[in-house]
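Subject: Structure handover

Hello,

Here is the structure I promised you. Please open it next to this email and follow along.

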Amino acid sequence: MMFRRVLMLSALALGLITALPQTVRAADDLDGAKKFIGDLASQAITSMTTKGLAVSERTQNFRKLFIGSVDLPTIGKFALGRHWRTATPEQQREFLGLFEDMLVLTWSARFKDAADHVTFQVVDAKSDADQGIIVESRILREKQEPVSVLWRLRTNEGSFRVIDLIVEGTSMLVEYREEYASVINQNGGKIEGLLDALRKKVAQLQQRPAAQ
Amino acid sequence: MAKSFPSRSVEAFATCALALGLLAGCASPPSATDPEAVTEYQQTNDPLEPTNRAIFDFNQKLDKLAFKPVAEAYHDYVPDFARDRVHDLVDNWRAPLRLANDVAQGDADRAVETFIRFTFNTGFGIGGLFDVASAAGVPNHQTDTGATFAVWGAGEGPYLVLPVLGPSNPRDLTGIAIDYAFDPLDYSIGELEGFRWATETRGALSGLDRREKAIDALNEIDRTALDLYSSIRSLYRQHREAEIHHRPSLDKLPSPGFSSAPAAGPEISQETH
C-alpha cells in the first residue's frame, strides 16, 4: 500500500513538473496566436483586393492562404459529425473537397466585402479547455455596434490552424454541422444528398463569386 | 383605454395558436436503436419541423413580396441621417422595457447603463432622436422578457417559427406577448387619448428599421446556405443563447466538443457541447 502511495505521489509530482514548461510556453503562444490572426486577416483582405487581378486569381490566392491556415480535415470531420464514419473514403474525400470550395467561396467574398467599410482589430487571446487558443477580435463599422469575432485555434509546436470562427456568439462550425445534418435528414439519411447539394451550391457560387 | 392592451396580446396569442393548430404536424423522431440520431434529434430541438417549415416558407414569401422591397426602398430613398434618427428613436423607446428587465434579471451594471442611456438620450438626445450616450461611451445592449425568463431558469422549449415574427420558442413567445402588452412607454403613451397612432407607428418603424439593418446579412446567408431553414434555425438559436448569457466573451464560451487529448490526433468527439 505504502509503495503504491509513493508511486502515485511521484507520478503526480512528475505530472506537475512536466506541466510547468507548458504553462510558461503558453504566454508566448498567446502573443504568437494574436499575431497569426492579425496577419491572417490582413492577408485575407489583401488577397481579395489586389488591383490588376481577375476575381478567379484573387480567389486562388485566398485559397492558398486558406489551405495554409485552416485545419480542414478537423473541421470537415466535425461538420459531417456522426455521418463521417458511415461515409465511404471516397465520399469523405469528395466532401472535404466540396467543403473547402464552399468555405473559400463563402469567406473570400465576405473578406472582400469587409475590406471596403470595416476596420479589423485583434483584442485578446486565451487558452481554451481543449488545449487550443481563442483569439478575440473586433470588427469596427461606422456608426454601428462593433461585431465580435472569436477565432478558435489549434496549436501544434508553435504553428497555428484555425478550427472555428465565432461571430457574435454564433459558431460557424456548429452552424455548418447542424445545417449539413438537416440536409442529410431531408434526403432520407443519405450523405449523397448532401454532396449533391454542395456540388450545386459550389457551382452556383462559382458563377456568381461575390455578393452584390 | 388601458384595457385594450391585454386583449391585444390575447389576440396575438390566439392567432398564433390557431395557425399552429391548423398546420400542426410533427417530425417523426428517429428510432431508439440509433442513439446518435436520437441525440441529434434532441439537440436540434425541433419536433414541429414540418409545421415550422411551412410557416417559414410562408414568411419567406411574405418577406419577398412585402417586407424586403419596402426595407430596400427605405434604404435606397431615405437618407442615412433620417434612418439613423429613426433607429435611435425606436431603440430609445424600448429602453424603459429594457431597464425593467435588467432589474428583473438582477443585473445592476446593465440597469445603471440603461438608466443613464435613457435619461441622456431622452434629454440631450432630444426625445431619443440622437443616441448621445453611445457617443459618450455608455454601450447599448438588447434584452427582453424572454431573456429574463431564461435568467430565471425557464427552458426555451421546442423551436417555433411564428407567422410574420419568425424564429422563436414558447418561452420567448410568452416574453414577446408580455413585452407587447406592457412596454412601459407604449403603455403610458397609449393611455393618452388620441395617441394610439404613436405606439403603432413605433411598432411599424421598429420592424422596418430591423429589416433594413438585416438586408446585407440575410442576402449573404441566402447566397451561401444549402438549406436556409436549418441555417437560420442554427444561427437564431446560437445567437439567442449568446445574447441571453451576455456572450460573446472569451470567458463564457462553450467548447464545441473537440477532443482535448493531443496524443489522440485530430479526433473529434460526437457531442456538440
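How many residues of chain B are in contact with chain A? The count is 32 residues of chain B, in contact with 39 residues of chain A. Two residues are in contact if their C-beta atoms, placed from the backbone, lie within 7 Å.

Before going on, some ground rules. This is a predicted model, where local features need pLDDT of at least 70 and side-chain atom pairs count only at pLDDT 80 or more, while totals for chains, interfaces and linings use all residues. Residues are numbered from 1 along each chain as its sequence is written, and chains are lettered from A and ligands numbered from 1 in the order in which they are written.

**Where the chains touch**

Look at the side of chain B that touches chain A. Helices α2 (35-44), α12 (215-224) and α13 (228-244) of chain B each supply at least two residues to it. Helices (H or I, at least four residues) and strands (E, at least two) are DSSP runs, numbered from the N terminus. The most comes from α13(B), with seven residues. By class, this side of chain B has 12 nonpolar, 13 polar and seven charged residues. Ala, Val, Leu, Ile, Met, Phe, Trp, Tyr, Cys and Pro count as nonpolar, Asp, Glu, Lys and Arg as charged, and the others, Gly among them, as polar.

**Chain A**

Chain A has seven helices and five strands. From the N terminus, its elements run α-α-α-α-α-β-β-β-β-β-α-α. Of its 212 residues, 34% count as buried (20 or more other C-beta atoms within 10 Å of the residue's own, all placed from the backbone).

The five strands form an open, antiparallel sheet in the order β1-β2-β3-β4-β5. Strands pair if DSSP finds at least two bridges between them. At the edges are β1 (118-127) and β5 (170-171) of chain A, each pairing on one side only.

Start with β1(A). Nine bridges join it to β2 (residues 133-141) of chain A. Gln121(A) stands opposite Arg138(A), and Val118(A) stands opposite Arg141(A).

Now move to β3 (residues 147-156) of chain A, which seven bridges join to β2(A). Here Ile139(A) stands opposite Val147(A). This hairpin also has five residues between its strands, and Lys143(A) takes a positive phi near 60°.

**Chain B**

How do α3 (residues 49-77) and α11 (residues 196-213) of chain B pack, and at what angle? The angle is about 80°, and the axes are 9 Å apart. Axes are lines fitted to C-alpha atoms, for helices over the stretch in contact, and angles run from 0 to 180 degrees between N-to-C directions. The two helices are therefore roughly perpendicular (65 to 115 degrees). On α3(B), the contact uses Phe67(B), Val70(B), Ala71(B), Tyr74(B) and His75(B). On α11(B), it uses Leu208(B), Arg211(B) and Glu212(B). Five of these residues are nonpolar, one is polar and two are charged.

Best wishes

Notes:
Parallel < 35°, antiparallel > 145°, perpendicular 65-115°, else oblique. Buried ≥ 20, exposed ≤ 12 C-beta atoms within 10 Å, placed from the backbone.
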